[in-house]
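Colleague: I would like a close look at one part of this model. Please take me through it in one go.

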Amino acid sequence: MQSHEYQLAAAEWDRVLFLNPFDTMARLNLLKSFRLSDKPVEGWKKLNLWYPSAPLTKAFSLEAAQLALTIGDFAAFGSVMDRSADLSGAEKSTWKLGAWLMQGDWINQPVKSRNPSFTVASMNPQLLDIYSKTKDIHRKSPAAAVALSCLVPGMGKIYSHDWKDGLMSLLFVATSAFQSYRGFSKYGISSVTGWIFGGLATGFYTANLFGSWKSATLYNVNQTDRIRHETEGVLITH
Amino acid sequence: MKWKTIISIFIISAAFTFNAPAQKAPDINSFRNLFKPAPGRPEYSLKIDPKNEFRLILTSGFAFYKVFISSQDGVRCTFYPSCSVYALNTIKMNGIAGIFDAIDRLTRCNGISPEKYHIHEPTQRFYDPVTKINR
């Protein structure tokens, strides 16, 4: 494990457990090896095989919590917290705060009432710092982005902090629409240029609406991902 | 006989000459599969799909573009997968909405927003995969 060969380590710890099935240190190391070798589901299955419903010791609780968070199974994480007998209230609060940050549902709540359902009494200053960052993140509404782009092409992307893409959208729509206008004003309704550029302008305009919606959605996803990664860096050990 | 006709006949007859290939089939076969494709190469097929008119037009246009136009140029798209592959895959995955996704991708294909994308290591281009549009 010191050389970070976790897959090989998992095989070795499995062999140790074959010789001594009740070696708790080997069990813990096997779970950790599974988690670090990108096989957390295997680790979770082993844990449930060994301890289907019994209360977990502190070491196993911490490993199980990390496994559940790595998998992204927050219901399983809740059951681990319920079963962890040795974790103090502050420790549980720290982990629950971490899970709340990683789950990412906070972005759908209004900023002022963006609080978890439990009391935040974390002892970890880094986690509290990340928690305070969520207060500064404003969710971007995809509907608002589309509405803005309806009025001015590209405005929805600018609203979602993609100002360069917004300007490009405006340029594409404006250029093709202007060319269409030129064609129609010069040759009337029979202008081929007018119809071609009119079609292009319509396509770019509709795509700009779609792109604005996508841009706002991606902004929200990226913000929750950033917070999730920062929380993982604090909570998940290597 | 004009010289244009002579050259045309020469080219056409040369095209149907089977006795003087630059390489024979065994030579070519010995070099087949020498290089494996790089991992993560674009997953697309040039097969023309006549299931319906829309698919027929799309797959034919894509195959024509890939064989006759795109192949004559180097890598020009700033993204991985390239805009044409992205368009094909997003329309396959998302239907009509994929058309607008593809046009939106064309407007973003300029390389002025490098901070938005990760780098796709094998191709060293911006990674912008096709995603399922939630309705």
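Which residues in α4(B) meet which residues in α5(B)?

Modeller: Keep in mind that this is a predicted model. From α4(B) come B:Cys83, B:Tyr86, B:Ala87, B:Thr90, B:Ile91, B:Met93 and B:Asn94. They meet B:Ala97, B:Gly98, B:Ile99, B:Asp101, B:Ala102, B:Arg105 and B:Leu106 in α5(B). By type, the residues of this contact are nine nonpolar, three polar and two charged.

Now the geometry. The two axes, α4(B) and α5(B), lie 7 Å apart, and the packing angle is about 160°. Angles over 145 degrees count as roughly antiparallel, so α4(B) is roughly antiparallel to α5(B). Their crossing is right-handed.

Next, the surroundings. The largest nonpolar core has 32 residues. B:Tyr86 is among those with the most contacts inside this core, along with A:Val173 and A:Phe204. Chain B supplies at least two residues of the core from each of β1 (79-80), α4 (83-94) and α5 (96-108). On the chain A side, α8 (142-151), α9 (155-159), α10 (163-187) and α11 (192-235) each do likewise. The most comes from α11(A), with ten residues.

Another core, of 31 residues, lies apart; A:Leu62, A:Met102, A:Leu127 and A:Ile130 are among its members.

Last, the chain contact as a whole. Chain A puts in 13 residues and chain B ten. The chain B side divides into four nonpolar, three polar and three charged residues.

Terms used
Residues numbered from 1 in each chain as written. Chains lettered and ligands numbered in written order. Predicted model: local features only at pLDDT ≥ 70, side-chain atom pairs only at ≥ 80, totals over all residues. Contact = placed C-beta atoms within 7 Å. Nonpolar A, V, L, I, M, F, W, Y, C, P; charged D, E, K, R; others polar. Core = buried A, V, L, I, M, F, W, Y, C linked by C-beta atoms within 7 Å. Buried ≥ 20, exposed ≤ 12 C-beta atoms within 10 Å, placed from the backbone. Helix = DSSP H or I, 4+ residues; strand = E, 2+ residues; numbered from the N terminus. Axes fitted to C-alpha atoms, helices over the stretch in contact; angles between N-to-C directions. Parallel < 35°, antiparallel > 145°, perpendicular 65-115°, else oblique. Left-handed = near helix turned anticlockwise from the far one by under 90°.
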